[in-house]
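Let us walk through this structure together, from its overall make-up down to a few individual side chains. Keep the viewer open as you read.

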Amino acid sequence: MDNLQAYPLLVPIFQDIENIIGKDTYDMWLRPARFSYEGTVLTISLPNQFWGKTIRERYQHIITDAFLKHLGAEISVVYDVAAQEPAPAVSSAQDVIPARPVPAAPAIKKNPFPSRLNSSYTFANFIESPSNRFAYKAAEAVVHKLGNRENNPLVIYSSPGLGKTHLLHAIGNQILKDNPNAKVLYMSGEEFVSEYIEALQNKSSESFRKKYRSLDCFLMDDIQFVAGKAASEVEFFYTFNALFESRKQIVLSSDRTPQQLDLDERLSSRLLSGIIAEVKRPSLETRIAILRQKRESINFDIGDDVLSFIAEGIQTNIRELEGSLFRLVAYCGMHGVTPTIAIAKELLADILVSETDLSINVNSIKKVVGKHFNIKMEDFNSKRKTQSIAWPRQIAMFLATELTDLSLPEIGREFNRDHSTVVHARDVVKEKVAADPFFAAEINQVILDIKAVDKK
């Protein structure tokens, strides 16, 4: 925020913007810019046209919404672009930002209630795949049957950076598209706790409760930040109850399942009464599709070979995947060069990983599963078929199909079995994971333990 110190009024506004778009994105596109503010005009000074085009198309609406929220005023945005800087290739003349400042169209105030949604996150630009299909369909069902008991609450959980936040915003944006007068609010669990503490300090608890309990849809990201904070957790429980009993929609995200969170038993029970959907790690094909979509959205010339290289090197986090693309595009745009695998390899060396870096050893799987179910390493390859041994063995085979790149016959040989036995084990365990959220949570913990062992 160094370049905002001359305008103290703007500091909390841009802190809010950073919270919405994320620190990495803010550091990449907005922190290097220079800002000045006079009247109702915000001037953004930038080194080249490509940079300005990106901010205008991707983040201007977030900036104007933040000013409206904090100052209650609609603003115009002017881009002061250094004329001597060459711009990268663009699809047409109309995409080029003029070197002279041109006021942007003022924001249109459609709904006086501050939803805090990022309108760039929609169902239309969410890449549906087997890894997220259940969560995606559940999110769509929420919009079509808002507040319906069978879809309420919806809890989406996954490791960080796999698309939970996108789905929450997509739900809110679609609700407002269908009903512009709806009261929809998106916020993080950390913000809820902070706001509640502030309400207590200012003796404004009643207005705090009124705000939340008047919502049509409450979207809370990262509910794990509420867990363990007794007073905030109690307040959220009563807010949850008030909304639930009024048939208002509640959508939550977490990095763990509800039963893995340190939540009050009453609240945990409430969360488990709804839909619990996991978003898993995306496949290579899905990662390439995500990068292709981002390439189209920013309208930058980058080959499929480079996209495939990035997708192969970043396998666990969509946020890192997209951030790497933007980092490469920004670098090539500022230097006027075409992205290549060689440039990507050098520029992204700190985050790209090879398959061998992510591989998990079958022995690690056996070791953790054996400890979890109290069986010996030799039991995995023995011919014993007692339930106390056969079930952990099937789980270990299932995890080998999920966590390694080994073929089914190769996995079979690791357990002294043929590939058909591995297929059966995989299908049986997968079916139980889908049907039993408590077992799914148990398997997730086993996976975390395996990954921890593999990193040692």
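The protein's secondary structure consists of 20 helices and eight strands; helices (H or I, at least four residues) and strands (E, at least two) are DSSP runs, numbered from the N terminus. Please keep in mind that this is a predicted model, in which local features need pLDDT of at least 70 and side-chain atom pairs count only at pLDDT 80 or more, while totals for chains, interfaces and linings use all residues. Residues are numbered from 1 along each chain as its sequence is written, and side-chain values use heavy atoms, with hydrogens and water left out.

Of the 456 residues in the protein, 48% are buried, where buried means under 20% relative accessible area, exposed over 50% and partly exposed in between (1.4 Å probe, protein chains only). Contacts, meaning heavy atoms within 4.5 Å, can also be sorted by sequence separation: among those between residues at least 6 apart in sequence, 71% join residues at least 24 apart.

Now to the interior. In soluble globular proteins, nonpolar side chains tend to be buried together. A nonpolar core here is a set of buried Ala, Val, Leu, Ile, Met, Phe, Trp, Tyr and Cys residues joined through side-chain atoms within 4.5 Å. The largest one has 76 residues, and Ile17, Leu42, Ile44 and Ile171 have the most contacts inside it. Helix 13 (residues 318-335) supplies the largest share of this core, eight residues. A second, separate core has 30 residues, including Ile389, Met397, Leu403 and Ala425. Back in the largest core, Leu42 touches, among others, Leu10, Phe14, Phe35, Ile63 and Phe67, not counting residues up to four places away in sequence.

How do helix 7 and helix 9 cross? The axes of helix 7 (residues 189-201) and helix 9 (residues 230-245) come within 10 Å and cross at roughly 100 degrees, the axes being lines fitted to C-alpha atoms over the stretch in contact, with angles running from 0 to 180 degrees between N-to-C directions. The two helices are therefore roughly perpendicular to each other, a label for angles of 65 to 115 degrees (under 35 is roughly parallel, over 145 roughly antiparallel, the rest oblique). Phe192, Val193 and Tyr196 in helix 7 meet Ala231, Ser232, Glu235 and Phe236 in helix 9.

Next, some polar residues. Ser254 lies in strand 7 (residues 249-254) and counts as buried at 1% relative accessibility. A polar atom of the Ser254 side chain lies 2.8 Å from the backbone oxygen of Arg256. Ser254 also touches Lys164, a residue of helix 6 (residues 164-178). Lys164 is buried too, with a relative accessible area of 6%, and a polar atom of the Lys164 side chain lies 3.3 Å from the backbone oxygen of Ser159.

Asn118 sits in the loop between strand 3 (76-81) and helix 5 (133-144), and is buried at a relative accessible area of 4%. The Asn118 side chain makes polar contacts of 3.3 Å with the side chain of His61 and of 2.6 Å with that of Ser120. A polar contact is a pair of N or O atoms within 3.5 Å; within protein, one must be able to donate a hydrogen and the other to accept it, and residues adjacent in sequence count only if both atoms are side-chain atoms. Asn118 and Ile20 are 98 residues apart in sequence and 7.4 Å apart in space, C-alpha to C-alpha.
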